[in-house]
Every structure is written in C-alpha cells, then in structure tokens.
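We will go from stop to stop, selecting a few residues each time.

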Amino acid sequence: MMIDWQEKAKEEEQAYLADLKEFLKIPSVRDDSKKTADAPLGPGPKDALVHILALADRDGFTTKNIDNLVGYIEIGPKDADEYVALLSHVDVMPAGEGWETDPFDPVIEDGKVIARGASDDKGPGLAAYYGFKMIRDLDLPLKRRVRLIFGTDEENDWTGMTRYFEVEPAPAFGFSPDAEYPIINGEKGNLQVNITSPATNGDDAQLLSFESGIRTNMVPGVARAAVSGLAADQVETDFASFLTDNPQVSGTVTTDGDQLSFEVFGKQVHGSLPETGENAGTYLAKFLKQYDFGGTAAHFLAYLGDLSHDDPTGRKLGVNHVDDVMGALSMNVGIQKFDLEKGVYINFNFRYPKGIEPAFIEEKLAKAMPVWDYSAKIGGHAQVPHYVSPEDPVVKTLLNIYHNQTGLEAHDQVIGGGTYGRLMDRGVAFGALFPDSSDTMHQVGEFALVDDLVRSMGIYGQAIVDLANLPE
C-alpha cells in the first residue's frame with residue numbers, strides 16, 4: 001500500500017494546530033516550590049501530562065499515567081513481546097524576559113507558531129502523536145507495539161523518564177522527536193560542575209549581589225549586580241565605554257545613594273550551543289573585575305570575567321578536548337550567583353565527547369585559580385557519551401524516510417545536546433528541526449514553522465510503521 005504521508009499530514013493540519021494551541025497554553029515549567037504528592041514536580045508538568053493523555057483518551061487510544069511523572073500512549077498488537085519507543089516531553093524551560101508576545105498564549109503568524117514549547121518539545125511531540133492517529137485511521141498493520149512516552153522533566157534531571165525505566169520494560173529501540181534532522185545518532189556526555197565558596201568582600205569596593213542565569217542548560221540572557229564603594233560618575237563613564245566596545249550586549253546602570261545597580265542583556269540560547277549566544281553574566285563580570293574588589297568577590301569576578309568569559313570550548317580553564325567522531329567539548333556557565341548570606345554559586349554545564357572523563361574536568365576547574373579557596377564538585381544529572389553506529393538498521397531506516405519524504409540530504413551527526421534518545425541502547429533523536437530552519441529552543445520568542453511541524457507528522461507516521469515492522 002503506497003501512502004502519501006505528506007498529503008495525509010496536510011489533511012490533519014488544522015486539527016493538529018487546534019490541539020497544539022491548547023497544549024502550549026499550559027505553563028509546564030518545573031516548580032519545586034509548588035510540588036505536592038500529586039504533583040511531584042509542581043502543577044505545570046502534571047497538568048501538561050494529564051492534558052496530552054486526556055487528548056489520547058478522547059481519540060480512543062490506550063494510555064497510562066505513572067505517578068504524574070511520566071505517561072504513555074500505546075498502539076500495536078498487545079501480545080507483541082517487543083515495543084518501539086518515541087520519547088518526548090511536556091515540560092518547558094522558563095520563558096525568560098523580553099518576549100514580544102505572551103509565551104503561554106500561542107500566536108500563529110507568518111507561518112510560525114510562537115510560544116514556549118513550540119519547538120521544544122510540545123510541537124514535535126504532538127506531531128508524533130498525530131503520526132499515531134494517521135496509522136490508526138489508515139488501519140496499518142504493526143508487528144511490534146509502539147509507545148509514545150511523555151516525560152515531565154527533560155529540562156532538568158529526567159525524573160519522569162527515570163521513573164519510567166524503573167517500572168516498565170525497556171524498549172527494543174526508538175527515537176526522540178526532540179532535536180533536529182536528518183538524525184542525531186551521537187550525543188556528547190553531559191556534566192555539571194558546581195563552584196561554591198563563602199561570599200566576602202575587602203575594605204574598598206563592595207559586591208553586594210550578582211545574579212545571572214536560571215537553568216544550567218541555558219546561556220544567561222540577563223545579568224544583574226549591585227555594588228557600593230565606587231565613584232558613580234567614573235563608573236557610569238566606564239560602563240558606557242564598555243558597552244561601546246562590546247556591542248554584543250546592552251545594559252544600564254542606575255545610582256541610588258552609594259549603591260550602583262547594573263543590568264546587562266546578552267543573548268539567551270540553548271546551553272549546548274554556547275558559541276551562538278552572549279553570556280550576560282560573564283560580560284558583567286568582565287566589566288566589574290577592573291575595580292578594587294577584595295575577598296571572594298574579586299575571585300568570583302575574575303573567574304567569570306576572565307577565565308570563563310568568551311571561551312565556549314573551555315580552553316582557558318584547560319578542559320578543552322576534541323574527538324575525531326564526536327567533535328569538541330563545549331562549556332556553558334549557566335548559573336552565576338554572589339549572595340552575602342547564601343554565598344557564591346557558579347554552575348558549569350559541559351557537553352564532552354569520548355576520550356575525556358568527568359573527573360578530569362572537575363580537577364581542572366578546581367586548579368584554575370589556586371588563590372581562591374573554593375569547592376568544585378560534580379552535581380546534577382550526569383550523562384556519558386552515547387553513540388549508535390550509522391550502520392544500525394534504525395539509523396538507516398530513519399535516514400531513508402527523511403530523504404524520501406523531503407528530497408533533502410540524509411546523513412548521521414553528533415550533537416552536544418542531550419535527548420531522551422540516549423536512554424535506549426539503539427536510541428537516536430530524529431527531528432523536528434530542519435537544517436534550514438532557525439533553532440530557537442530555550443530562546444526568547446521560541447517558535448516552530450507550521451510547515452516543518454506538518455512535514456514532521458508525515459515523517460513520524462512512516463517512521464513508526466517502518467520501525468514497528470523492522471525485521472528481527
């Protein structure tokens with residue numbers, strides 16, 4: 001049976017967009033301050049999971065909700081031993097500042113769906129769901145079961161998907177619709193290292209506060225600091241010159257008595273691509289470190305504004321490394337805080353290739369500034385590098401589908417981003433970002449092209465069928 005998957009997807013476009021709008025309205029950001037026994041990651045992720053499962057119940061699919069942490073939708077023969085998995089997520093990053101529209105009131109204009117989660121990952125996840133619908137409507141045979149699994153904490157420590165693999169059997173293979181085409185068959189390791197120390201000052205200039213960044217996997221787009229003990233007129237002149245010399249960022253400085261307050265605005269992007277953003281925090285530290293701060297304030301500003309600034313490969317810290325297959329290490333300074341009561345906290349996020357170990361990175365960071373007595377410790381959700389051979393039938397099948405439906409070049413590739421695909425031994429990431437489309441994941445004004453999402457519906461429909469029927 002020859003199926004024009006793109007034609008079938010086009011027929012579903014309006015229904016898909018109507019469902020997508022409702023899905024995107026849910027502000028599904030993890031919020032531990034509001035967690036309950038019924039909503040272990042806060043109300044937003046739970047509400048989004050319940051919503052997508054209710055949508056599938058509406059359409060007559062088999063569903064299961066596991067502790068409001070993770071859930072799945074299943075099709076295919078109940079007696080099949082193996083199943084194929086598509087791993088998506090309903091949680092989204094915090095919106096951040098600077099949106100021209102309400103990030104949780106989706107707008108469709110100029111062929112774009114504009115909202116937080118449009119491209120990461122509600123738009124692609126729902127496109128995969130519509131693949132399920134098309135298969136059901138066409139009554140296509142499947143040898144294996146297929147599950148579309150939705151996690152609730154992909155943007156943090158993968159709590160939901162961890163729970164899934166604790167209580168459910170592992171899939172034979174599959175993909176995550178949460179990256180880019182043609183395919184992602186390799187993912188670098190993902191490591192966080194936290195720098196901590198007391199927050200102290202010397203006798204002259206005083207750093208009262210410094211804060212930049214809200215998530216480890218986002219390049220900070222905004223930084224704020226307050227200082228005292230400096231000559232306001234001179235600092236204002238210096239800051240104006242700094243902004244002129246660094247047009248990549250903008251900012252303001254205001255005076256209130258002896259206190260000067262700074263705001264710097266950079267470019268917020270995904271933390272796996274730090275070279276494409278402008279880290280507002282390290283720029284502000286670069287400016288402030290010229291003044292006569294003492295104590296740990298001086299070390300904090302030098303560590304950020306010198307050793308960590310404008311160095312996405314970690315060369316100045318001595319952690320740079322390149323693998324022939326997986327490429328270069330990348331480094332993002334995602335969270336930067338100086339608080340006189342709570343202390344110093346700097347969070348580094350590394351995406352590292354094969355050939356380097358987390359302990360090496362931790363050691364290098366700890367030795368980078370010997371005059372500063374601080375602690376450098378691995379934290380967060382560490383992940384080792386993941387790679388599936390281009391010769392694997394899963395990779396070959398998906399690349400053939402992509403090429404045949406789009407006419408575009410199909411090839412394997414490795415990324416610094418981490419997807420749920422790595423949770424399966426034969427797992428990859430597959431779409432929904434096309435090579436010629438703008439990547440706005442984790443950015444202010446996130447959007448996805450309607451045409452790309454509809455094309456992905458057709459691609460995912462065939463991918464589900466072909467993987468479910470792949471020879472043993």
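## Stop 1: a buried glutamate

Select Glu154, in the loop between strand 6 (145-151) and helix 5 (159-167). Keep in mind that this is a predicted model. Is Glu154 buried or exposed? Buried means under 20% relative accessible area. Glu154 has 8% relative accessibility, so it counts as buried.

Now show what surrounds it. Leaving aside neighbours within four places in sequence, Glu154 is in contact with His89, Asp91, Asp178, Gly418, Thr419 and Tyr420. Zoom in on His89. Its side chain makes a polar contact with the side chain of Glu154, at 3.3 Å. Next, pick the C-alpha atoms of Glu154 and Gly418. They are 9.2 Å apart in space, while the two residues are 264 apart in sequence.

## Stop 2: a positive phi in that loop

Stay in the loop between strand 6 and helix 5, and select Trp158. What is the phi of Trp158? It is near 65 degrees, a positive value in a residue other than glycine. Most residues other than glycine have a negative phi. Trp158 has 4% relative accessibility, so it counts as buried.

## Stop 3: another positive phi

Jump to His442, in the loop between strand 23 (432-433) and strand 24 (447-449). His442 is not a glycine, yet its phi is positive, about 70 degrees. With 1% relative accessibility, His442 counts as buried.

## Stop 4: two cis peptide bonds

Most peptide bonds are trans. Here are two to check. Show the backbone atoms of Asp120 and Asp121. The bond that joins them is cis, with omega about 0 degrees. Asp121 sits in the loop between strand 5 (112-114) and helix 4.

Then move to Tyr181 and Pro182. The peptide bond from Tyr181 to Pro182 is cis as well, and omega is near 5 degrees. Look for Pro182 in the loop between strand 8 (179-180) and strand 9 (186-187).

## Stop 5: helix 2 against helix 4

Colour helix 2 (residues 13-24) and helix 4 (residues 122-138). Their axes come within 10 Å and cross at roughly 140 degrees. The two helices are therefore oblique to each other. Helix 2 passes helix 4 in a right-handed crossing.

Which residues make the contact? On helix 2, select Ala15, Tyr16, Asp19, Leu20, Phe23 and Leu24. On helix 4, select Lys122, Gly123, Leu126, Ala127 and Tyr130. Colour them by type: 8 are nonpolar, 1 is polar and 2 are charged.

## Stop 6: helix 2 against helix 11

The crossing of helix 2 with helix 11 is right-handed.

Now show the side chains in this contact. Helix 2 supplies Glu13, Tyr16, Leu17 and Leu20. Helix 11 supplies Val450, Leu453, Val454 and Met457. How many of these residues are nonpolar? There are 7 nonpolar, no polar and 1 charged.

Tyr16 takes part in the contact with helix 4 and in the contact with helix 11. Leu20 is likewise listed for helix 4 and for helix 11.

Technical notes:
Residues numbered from 1 in each chain as written. Predicted model: local features only at pLDDT ≥ 70, side-chain atom pairs only at ≥ 80, totals over all residues. Heavy atoms only, no water. Axes fitted to C-alpha atoms, helices over the stretch in contact; angles between N-to-C directions. Helix = DSSP H or I, 4+ residues; strand = E, 2+ residues; numbered from the N terminus. Parallel < 35°, antiparallel > 145°, perpendicular 65-115°, else oblique. Left-handed = near helix turned anticlockwise from the far one by under 90°. Contact = heavy atoms within 4.5 Å. Nonpolar A, V, L, I, M, F, W, Y, C, P; charged D, E, K, R; others polar. Buried < 20%, exposed > 50% of the residue type's maximum accessible area, 1.4 Å probe, protein only. Polar contact = N/O pair within 3.5 Å; in protein donor to acceptor, adjacent residues only side chain to side chain.
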